[in-house]
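Me: I'd like to go through this one by asking where each label comes from. Could you put the values next to the cut-offs for me?

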Amino acid sequence: MKRLLTLLVVMLAVSPVAAIDTGKAFDDPVLQARYEKLISEVRCLKCQNQSIKDSNVFLAADLRREIRRLIAEGKTDPEILDFLVTRYGEFALYRPRTTGKTLILWLAPFLLVLFGGFAMFRVLSHRMSMPLDDEIAVTADKGSSE
Amino acid sequence: MSRYVLPLLAVIALILFLMVGLKRGDPRALPSPFIGKPAPQFELPTLKDPSATIGSQDLEGNLALVNVWATWCVGCRAEHPFLLELAAKDSIPIYGINWRDTRPEALRWIDQLGDPYIASGFDGSGRVGIDWGVYGAPETFLVSADGVVLHKHLGPLSKESWESDFVPLINGGGAAQ
């Protein structure tokens, strides 16, 4: 058991560290923060349920390198996201921007809540107007006794 | 009776959505944002001669294929015979972008398997691949004579995909967009 635990601890310690270039990209903490935020919001196109921050596929590494380059060149965040979207489409962003094409993504949750609320209201108000079970029982009793 | 109409419609709508979703084919395949737009500008050293270059201006004036390939890519090996077949027919110029590869390995590949390309650009760093929105080789772009991307094919080319996806666009004179 102890050996197993040791093995587990060793495995947990080794794998993520070896995988990804976790070193600091920028000395300036502001730039570093922007970089970290950007790479956590960009989808790795090769491994589509990971961000390029989490993936060590070479394409993710390439995209990280490009983002580092663009930040170093003084590009703004919207410009960098634009760079990615013109090449890979809106799908590359985990938080798609609100444009005509992606509007439905942003509105759908609210529409669904509205629709669900309306349906619930209809059903409940219908049920509220129905007689309660014991009322039915009472009237039924009266009916039978008469 | 009417109380069943709404749920029934909802279920039918759900079934329709699911059917469309299932029929969509490879869910990992992304539509290229370049379709109908000018192909990205590029210039690369050629695979065979690092001092020579190949770039956008070489593609101009002809309908052309741009095939992104690499020696580590299994799908590229699968489609290679078909590319050779296409090249032998001499119907359309094929340009290669050797993506994220090493020169010696790529040269050996061309040597052993044959060379369907007019020329291949060597993109060892993957920089041009990113400009073209490449995320997995093989990818094949059909580029019109005036430099507009007409179609992008993901994965290995085959006779079937060629005839269903490329031929109609080629016969359309590249004016389909």
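Me: What percentage of the contacts in chain B with a separation of 6 or more come from residues 24 or more positions apart?
Reply: That would be 72%. A contact here means that two C-beta atoms, placed from the backbone, lie within 7 Å. Bear in mind that this is a predicted model, where local features need pLDDT of at least 70 and side-chain atom pairs count only at pLDDT 80 or more, while totals for chains, interfaces and linings use all residues. Residues are numbered from 1 along each chain as its sequence is written, with chains lettered from A and ligands numbered from 1 in the order in which they are written.

Me: And chain A, what share of its contacts at least 6 apart joins residues at least 24 apart?
Reply: For chain A the figure is 39%.

Me: What makes up the secondary structure of chain B?
Reply: You get 6 helices and 7 strands, where helices are DSSP runs of H or I with at least four residues and strands are runs of E with at least two, numbered from the N terminus. In sequence order that reads α-β-β-α-β-α-β-α-β-α-β-β-α.

Me: Why is Glu43(B) called exposed?
Reply: Count the other C-beta atoms within 10 Å of its own, all placed from the backbone: 12 or fewer is exposed, 20 or more is buried, and in between is partly exposed. Glu43(B) has 12, so it counts as exposed. This residue is found in strand β1 (residues 43-45) of chain B, and beyond four places in sequence it touches Thr53(B) and Gly55(B).

Me: What makes Ile130(B) buried, then?
Reply: Ile130(B) has 22 other C-beta atoms within 10 Å, so it passes the test for buried. It lies in helix α5 (residues 127-131) of chain B. Leaving aside neighbours within four places, its contacts are Asp62(A), Leu63(A), Glu66(A) and Arg87(A).

Me: How many residues does each chain bring to the contact between them?
Reply: Chain A brings 13 and chain B brings 11. On the chain A side, the largest share, 5 residues, comes from α3(A). By class, that side has 6 nonpolar, 3 polar and 4 charged residues. Nonpolar means Ala, Val, Leu, Ile, Met, Phe, Trp, Tyr, Cys or Pro; charged means Asp, Glu, Lys or Arg; the others, Gly among them, are polar.

Me: At what angle do helices α2 and α3 of chain A pack?
Reply: α2 (residues 29-41) and α3 (residues 58-72) pack at about 145°, with axes 11 Å apart. Axes are lines fitted to C-alpha atoms, for helices over the stretch in contact, and angles run from 0 to 180 degrees between N-to-C directions. Residues meeting there include Leu38(A) from α2(A) and Ile67(A) from α3(A). The residues of this contact divide into 6 nonpolar, no polar and 3 charged.
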